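Visitor: I have a model open and a few things to ask. Can we go through it piece by piece?

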Amino acid sequence: MQPDLKKCFEGIQKLKFDESQKVLGMYSSEGEYVNFVTTVDTTAANGNVDMWLLWTEGSMLESVREATTKALQDYTKMRRDEWVRKRCGMAVLCISMTFWTTNSEQAIESGTEAVSKFVSKLTSELEEIVDLVRKDISTLDRCTIEALIVLDVHNRDMIAQLRDQRVEKVTEFAWQSQLRYYW
């Protein structure tokens, strides 16, 4: 079944099984491992592959939600550069965008000066993340950080543009037309 997993689940390279054929977790195409919150007992399906694949899909969703929730809870408790390296890549990108959306809306509603300060904050956060790329990091961390840099550059430039356009309300089209993440 392992060779065909990529056809069943996008981004999943393989599953981790124990000696009793229970599914313990999943590996992404990049080699990132996410442990399942609920293991899947393939023997309970009595040879029905469709059944245990459905159970696996449910466990995947549950585990990704758990990883994302943990990343959300830890975002404000850790330094961002440390947080990025200790969470799975998908959760890092998702939660980073969620906090960007929340902080952007707070800055916009607080006025042009707050937006200018937020642009400065975004620039310093970007510089911290760029410094990580210059260090000896794993290929997996590098992949996540490179994607995060692209998002951070876009986010900073977008907020600077909103500042220059003097956007003062989150209901204005210039803000509403942006991709926003909410939790």
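Visitor: Is M51 buried, exposed or partly exposed, and why?
Guide: M51 counts as partly exposed because its relative accessibility is 33%; buried means under 20% relative accessible area, exposed over 50%, and partly exposed lies in between (1.4 Å probe, protein chains only). This is a predicted model, where local features need pLDDT of at least 70 and side-chain atom pairs count only at pLDDT 80 or more, while totals for chains, interfaces and linings use all residues. Residues are numbered from 1 along each chain as its sequence is written, and side-chain values use heavy atoms, with hydrogens and water left out.

Visitor: Which helix is M51 in?
Guide: M51 is found in α2, residues 49–75. Helices are DSSP runs of H or I with at least four residues, strands are runs of E with at least two, and both are numbered from the N terminus.

Visitor: Salt bridges next. How many does the structure hold?
Guide: The structure holds eleven, each a side-chain nitrogen of Lys or Arg within 4 Å of a carboxyl oxygen of Asp or Glu.

Visitor: Which residue does D74 bridge to?
Guide: D74 bridges to K70, with the closest N and O atoms 3.5 Å apart. Both lie in α2, four residues apart, about one turn of the helix.

Visitor: Is D74 buried or exposed?
Guide: D74 is buried at 7% relative accessible area, whereas K70 is partly exposed at 39%.

Visitor: And K117, what does its side chain meet?
Guide: The side chain of E113, in a salt bridge of 3.6 Å, N to O. K117 is exposed at 55%, and E113 is exposed at 59%.
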